[in-house]
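Good morning, everyone. Please have a look at the sequence and the model on the screen. I will take you through it in a few steps.

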Amino acid sequence: MNTSTNILHSIPVDELTGSIAVPIYQTSTFVQQSPGVHKGFDYARSNNPTRKVLEDLAAKLENGASGFAFASGLAAIDAVVKLLKSGDEILAVDDIYGGAFRLFTQVYEKFGINVRYVDTSDLKQVSAAINPRTKLIWLESPTNPTLKVSDIAGIAEIAKEKHLLLCVDNTFASPVSQQPLNLGADLVIHSATKYLSGHSDLIAGLVITKTKELGAKIKFIQNASGSILGPFDSWLVIRGIETLELRVKQHSLNAQKVAKYLQQHQLVKTVYYPGLTSHANHKVACRQQHYFGGVIAFDLKEDDALLAEKIVSSTGLFKLAESLGGAKSLICLPAEMTHKSIPREKRYSSGVKDSLIRLSVGLEHADDLIQDLEKALQKAYKTSLFTA
Ligand SMILES: *Cc1c(COP(=O)(O)O)cnc(C)c1O
């Protein structure tokens, strides 16, 4: 079966009633026949039937043995880090999601888990950085906001050889575009807040494991630490996933058009989009991704923070907000928003200039989106000439 068919028919019809939509089991506990004898559910932190449908669906989407739903993407990341112990080390992608960086450095370093960062798009740097304490390689591909792509299969080989775990944050690609477990990773995490739910209306996270054994460990952590996803939000993510492939396909078609438009624009310097042949990792992206997604970043010929600020404040359809992956297009200025806490020098070394603008291209008509950007670019440029 093809992906869309497979997804839709992996969501079970309710056996009890025939309900085609998954029932929302809004309950904290389950009545037992005698102590310990029940229908597979005892307490809703440990297990909930609605959440279980999402968890099984997530495992299926990523071709894993087990899936787990968490209260946020960060809670999912947190659960994976808890597989480690004091003295262990993580080797992570250098332009990592800011929230993961904050969790690693400000929470886990004080528990004795050290994290080092390398350019994972270069396999040699990954191999060279591994030491006896390294236990986990942490990858994002594509990354935020410059869409750097790493060779997941290549890094998985290195991880196998050194007996390390490989976890891939697959939020930007989504499972209809890229399946890291098939490329050799051990774990996948998602911020289901983004493409999986797809409508900018909830916060959720997922962990999917390649093996049942790793799954049992994550299950223990999920129940012991308790940051589970509630039944209603689980239901919303399931509903979002029904249209995942349709949406990701359209996000990608729209983004490709917007990226091409930006590439020929006289005010724009560099466009970062893995679907462009000019992108540094375009070939690797073609090999491991079916779609290139809806996120684009670009900077300006004049690396002027004020000009960039004017642009992101002048669009009408692109709403100024953090996050991505929703039906409505968003625009943001990483240097002033998502990446504000990162020192300027470190920011520049990973390409996040003052004038770098990130777009989450939504599901509006591409022509309307291009017109919206054109108006904003012209307006900002004119007012900047006037004030200069
Ligand atoms: C948003 C995001 C996260 C964090 O997810 P939340 O649901 O906001 O906790 C992690 N990784 C990536 C790549 C993200 O974009």
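A definition to begin with: the expected span of a helix is 1.5 Å times one less than its number of residues. Keep in mind that this is a predicted model.

Now helix α2. It covers residues 49–61, which is 13 residues. From first C-alpha to last, α2 reaches 18 Å, close to the 18 Å expected.

Is α2 enclosed or open? Largely enclosed by the rest of the structure, because 10 of its 13 residues are buried. Buried here means under 20% relative accessible area. Among the buried residues are Val 53, Leu 54, Leu 57 and Leu 61. Arg 51 and Glu 55 are on that list too.

Look at the two ends. At the start of α2, a side-chain oxygen of Asn 48 comes within 2.8 Å of the backbone nitrogen of Thr 50. Just after α2 comes Asn 63, with a positive phi of about 55°.

That brings us to the backbone. Most residues other than glycine have a negative phi, and most peptide bonds are trans. Here are some exceptions.

Asn 63 sits in the loop between α2 and β1. It is partly exposed, at 48% relative accessible area. Ser 200 also has a positive phi, near 50°. Its loop runs between β6 (187–191) and β7. Ser 200 is exposed, at 52%.

Next, the cis peptide bonds. One joins Ser 141 and Pro 142, with omega about -5°. Another runs from Asn 144 to Pro 145, with omega near 0°. Pro 142 lies in the loop between β4 (134–140) and α6 (152–161). Pro 145 is found in the loop between β4 and α6 as well.

Last, the ligand. How many residues surround it? The count is 13, and the closest are Gly 73, Asp 169, Ser 191, Thr 193 and Lys 194. By type, the shell has five nonpolar, five polar and three charged residues.

A ligand oxygen is 2.9 Å from a polar backbone atom of Gly 73. For Leu 74, a polar backbone atom is again 2.9 Å from a ligand oxygen. With Lys 194 the side chain takes part, and the distance to a ligand oxygen is 2.7 Å. Taken alone, the ligand exposes 380 Å², and the protein buries 91% of that.

That is the tour. Thank you.

Methods. Residues numbered from 1 in each chain as written. Predicted model: local features only at pLDDT ≥ 70, side-chain atom pairs only at ≥ 80, totals over all residues. Heavy atoms only, no water. Near = heavy atom within 4 Å. Polar contact = N/O pair within 3.5 Å; in protein donor to acceptor, adjacent residues only side chain to side chain. Areas by Shrake-Rupley, 256 points an atom, 1.4 Å probe, with all protein chains shown as cover. Nonpolar A, V, L, I, M, F, W, Y, C, P; charged D, E, K, R; others polar. Helix = DSSP H or I, 4+ residues; strand = E, 2+ residues; numbered from the N terminus. Buried < 20%, exposed > 50% of the residue type's maximum accessible area, 1.4 Å probe, protein only.
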